[in-house]
Structures are given as structure tokens and as C-alpha cells.
Amino acid sequence: MDKKSLLSVHLAVLLFGTSGVFIKIIPMSALLLTLGRGIFSALALYAFIHFREYSLRLERLRDYFWNLLAGIFLAMHWFLFIMSIQISTVSIGTITFATYPLFVVFLEPYVFKEKFQLKNLLNVAMIAIGIAFLIPAFELNNATTLGILYGLGSSFCFAILSIINRRLAALYDSVVITLYEQTVAACLMTILISIIKPTVHEGTVLDFFHLIIYGVVFTGLAHSLYIQGLKGIKAQTASIISVLEPVYSIVLAIVFLQERMSYQEMIGTFIIFVTVMIATLQNSVDEKT
């Protein structure tokens with residue numbers, strides 16, 4: 001196994017996990033954060049592609065449509081993920097987002113005409129139990145409950161995005177697909193903001209600098225490192241490493257934001273994390289056999 005590639009993936013996952021802290025410290029609406037993330041990340045990826053001399057041309061007209069659709073779901077995923085963290089906590093946002101592999105295992109058999117595995121029902125049941133522990137009250141005016149709902153919505157959108165990317169990744173380089181999708185996400189958010197005209201709070205130069213860092217380093221660079229790492233290690237290995245993202249997020253939120261989890265939230269988080277880890281390992285073994 002290529003140690004440099006392994007390090008790249010670990011660093012990428014750490015950067016992804018750190019993004020939750022930036023969401024909390026940048027005093028901007030979810031719409032503006034999503035827009036900034038898309039713009040600065042797309043610019044960083046374009047620079048990466050330019051120097052690596054990748055071709056941006058797609059072979060089939062319908063592939064432009066699939067990239068457009070993927071970009072829409074990426075924007076929805078980002079927006080809902082940011083909303084989840086802003087309304088509740090980094091821990092709630094990241095651990096509910098981490099449930100996306102379970103959505104994937106239900107959706108993929110229908111999209112790719114693959115056999116559905118009944119063992120996945122047990123994983124879903126365990127995830128449901130974990131989420132039940134996270135919910136403090138079944139009331140929509142409860143911040144944590146709303147954060148969980150936004151997080152699950154983000155997870156579902158990312159699952160659909162992953163399925164679309166599975167089809168596109170068989171034909172094109174992942175970094176090219178990512179650039180198309182992030183450009184679409186930035187354009188979509190620009191249109192929405194021009195229509196909705198959200199209230200823009202007066203920010204500081206430091207806030208704007210944090211937004212650039214959030215887009216360039218913790219999105220653009222993170223994606224580039226992750227994609228680069230996939231060249232030297234198996235996708236199954238990378239997916240297992242990715243399960244560490246909520247762990248990094250929770251630890252960093254405790255250290256830098258002084259976030260604290262109740263015992264009930266700890267139990268729910270543990271159940272979800274272990275279930276996702278087991279499901280990821282099962283999927284890895286199934287792909288090898």
C-alpha cells in the first residue's frame with residue numbers, strides 16, 4: 001500500500017472533519033456559506049486541473065446533464081449540512097450526515113439493478129435506534145431535533161450524489177467531475193441568493209478570510225488530496241478511513257468550540273458510528289468477494 005496516498009486520504013478526511021468548526025465560527029447565513037464554499041473551492045480545483053492539464057471536455061451530451069443534477073444535489077447537501085450544524089451542534093450535524101452509506105445501500109440496488117442484501121435492514125434498524133437516542137424531544141421547535149432532520153436530509157442528498165458520481169467516475173477523472181459539480185452548486189446558490197436576497201450581516205475581514213480558507217483548504221484542497229490518494233489505495237480502504245470524519249469533527253468541536261455531549265447523545269453517536277463502520281467493512285468485504 002502506498003503510504004503517501006494513505007497519508008493524503010487521512011489528511012483529506014481530517015480537513016473535511018474540520019469544516020464543521022469553520023461553519024460555527026463564520027457568522028454568515030447557510031446560503032452565503034454554501035455560495036462561498038462553492039466559489040472558492042471551484043476556483044481552487046480549476047487551478048489544480050489547469051496545472052495538471054486535465055481535459056474538461058465530456059464525451060456525451062447526457063453527461064453534462066448528470067453533472068448538472070449532481071451539482072444541484074451537492075448544493076442541497078452543503079446547505080442542509082451547514083444548517084444542521086448552525087442550528088444544533090457540530091456533533092449532531094456530522095454524525096447524522098455519516099449515515100449516508102445506509103441510504104446508498106437502499107438506493108443502489110434500484111439504480112444499478114443489483115441484488116438487495118437483507119443484512120442491511122439490521123444496519124438501518126441500528127441507525128434508527130442511534131438517531132432515537134440523539135433526539136431529545138419529538139418537537140420541530142427543538143433545535144437538536146431540527147438539526148438531526150437537516151443532517152439526515154444532507155445525508156440523503158449526498159447518497160444520491162454518490163450514486164450519480166459512481167456512474168460518472170467510470171468515464172471521467174474524479175477531479176473533473178468535482179469541478180463541474182461545485183461550479184453548478186456555486187451558480188445555483190448565486191441564483192437563489194439573487195432571488196431570496198437574504199440579510200447580510202456586517203462581517204469583518206477575518207470572517208471573509210475564514211470563508212476563503214473554508215472553501216480553498218477545507219473543501220478544494222481536501223477533495224484534491226482525497227482524489228490523489230485514491231490513485232494509490234483501494235476505494236474500500238478510503239471509505240473506511242472516511243468513517244473517521246465525524247470522530248475528527250466531534251473532537252475538534254470539543255477542543256475549539258467547547259461543545260459538550262450529553263450521555264444520551266454519546267450513546268446514540270456510538271451506536272451510529274459503530275453501525276456505519278461495520279456496514280462499510282461489510283461492503284468492503286463484499287466487493288472483494
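How far apart are the end C-alpha atoms of helix α11, and what span should its 13 residues have? In this predicted model, the end C-alpha atoms of helix α11 are 17 Å apart. The helix covers residues 245-257. At 1.5 Å a residue, its 13 residues should span 18 Å, so the two values agree.

Helix α11 also contributes buried residues. These are Glu-245, Pro-246, Ser-249, Ile-250, Leu-252 and Ala-253. An α-helix has 3.6 residues a turn, so residues three or four places apart point the same way. Just after α11 comes Gln-258. Its phi is positive, at about 55°.

Helix α6, residues 119-134, supplies the largest share, with four residues. Phe-133 lies in this helix. The relative accessibility of Phe-133 is 31%, so this residue counts as partly exposed. The value falls between the limits of 20% for buried and 50% for exposed.

The cysteines were examined next. The structure holds zero disulfides. A disulfide is a covalent bond between the sulfur atoms of two cysteines. Cys-157 has a relative accessible area of 4% and is therefore buried. Cys-187 has a relative accessibility of 44%, so Cys-187 counts as partly exposed.

Methods:
Residues are numbered from 1 along each chain as its sequence is written. This is a predicted model: local features need pLDDT of at least 70, side-chain atom pairs count only at pLDDT 80 or more; totals for chains, interfaces and linings use all residues. Side-chain values use heavy atoms; hydrogens and water are left out. A disulfide is a pair of cysteine sulfur atoms within 2.5 Å. Buried means under 20% relative accessible area, exposed over 50%, partly exposed in between (1.4 Å probe, protein chains only). Helices (H or I, at least four residues) and strands (E, at least two) are DSSP runs, numbered from the N terminus. The expected span of a helix is 1.5 Å times one less than its number of residues.
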